[in-house]
Amino acid sequence: MAMQKTHAAITGRASALRKYQEVIVGRFGLGFLLYFEFCTWLGGIPGALGIALRGLFWKRLFAHCGPGVLFGTRIILRHPGRIRLDADVVIGDGCILDGRHEDCCESIVLGRGTMLSNDVMLSCKGGAIRVGRHVGINALSIVQSVGACEVRIGDDCVIGQSCLLIGGGSYAIGDTDSGLIRECPMVQDGGVTLENNVWLGARVTVLGGVRVASGAVAGAGSVLTRSVPPGAVCVGAPARVIRTRKAPSET
């Protein structure tokens with residue numbers, strides 16, 4: 001199902017309350033709205049008390065929230081009912097988890113032991129983000145999935161500070177006379193896939209249509225515009241492979 005763009009949803013003719021429920025809360029009904037607002041208020045409480053209260057009350061917001069999940073302060077939740085958090089997930093201060101979707105039951109999935117550092121954004125605009133087990137996503141990184149362009153991150157991946165992983169989001173602009181860019185359709189680029197045990201250095205950008213195979217490494221500041229083979233070390237913008245890591249049996 002095609003999702004209404006955020007601009008259209010916010011500027012439409014519906015009431016302010018209905019817009020808020022559609023874009024932010026993700027569910028209609030007074031009971032859940034009041035509970036969501038109460039949990040939002042809990043989001044600003046600092047220290048151990050805030051962590052304890054969020055751990056107690058926030059679980060009911062999500063599609064699934066396993067044991068041992070820890071929530072920092074100032075976290076922004078949108079459509080939390082479409083977000084799955086497996087056991088021992090850690091969400092750092094200032095993170096944004098935006099699971100907005102028309103019909104996907106679990107648009108964001110974080111596997112066991114995954115950690116999001118401060119100010120990480122995971123944003124679904126009708127897409128899906130699947131993160132495996134024991135993944136670390138460092139501060140200020142952004143992962144976004146638009147439409148059918150899913151972002152998949154395998155187990156044991158390390159994503160450096162200020163990385164950008166974007167599945168979809170590019171406009172099919174055609175020629176220069178095609179009208180308003182914002183009204184053009186989105187390119188279906190196939191999304192982004194990081195296989196297991198991938199390391200992205202700081203400020204790495206991975207564009208839609210790219211698959212980074214297991215054991216590969218991208219140096220700081222690299223821009224990945226094409227897929228990367230297993231164990232490859234790549235650098236540059238656009239990134240190029242400079243060597244291949246030895247297999248564990250060769251070290």
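View 1. D155 sits in the loop between β13 (151-153) and β14 (158-159). Helices (H or I, at least four residues) and strands (E, at least two) are DSSP runs, numbered from the N terminus. Not counting residues up to four places away in sequence, D155 touches G132, R133, V135, N196 and N197 (contact: heavy atoms within 4.5 Å).

Residues are numbered from 1 along each chain as its sequence is written, and side-chain values use heavy atoms, with hydrogens and water left out. The model is predicted: local features need pLDDT of at least 70, side-chain atom pairs count only at pLDDT 80 or more, and totals for chains, interfaces and linings use all residues.

**View 2. S145 in strand β12**. The strand covers residues 142-146. S145 is buried, at 0% relative accessibility. Its contacts, residues up to four places away in sequence not counted, are S123, C124, K125, G127, A128, I129, E150, V151 and G167.

**View 3. R130 in strand β10**. This strand spans residues 129-131. The side chain of R130 reaches the backbone oxygen of E106 at 2.3 Å. Such a polar contact is a pair of N or O atoms within 3.5 Å; within protein, one must be able to donate a hydrogen and the other to accept it, and residues adjacent in sequence count only if both atoms are side-chain atoms. Neighbours within four places in sequence aside, R130 is in contact with C104, E106, S107, V109, E150, V151, R152 and I153. L194 is 64 residues from R130 along the chain, with 10 Å between the two C-alpha atoms.

**View 4. The open sheet**. Its 9 strands follow the order β2-β5-β8-β11-β14-β17-β20-β22-β23, with mixed pairing. β2 (70-71) and β23 (240-244) are the edge strands; each has a single partner strand, so one side of each lacks a neighbour in the sheet. Two strands pair if DSSP finds at least two bridges between them. Strands β17 (residues 199-200) and β20 (residues 217-218) run parallel, joined by 2 bridges. W199 stands opposite V217 in β20.

View 5. In the model, residues 32-53 are 82% helix and 0% strand. Their end C-alpha atoms lie 18 Å apart.

Note on methods:
Buried means under 20% relative accessible area, exposed over 50%, partly exposed in between (1.4 Å probe, protein chains only).
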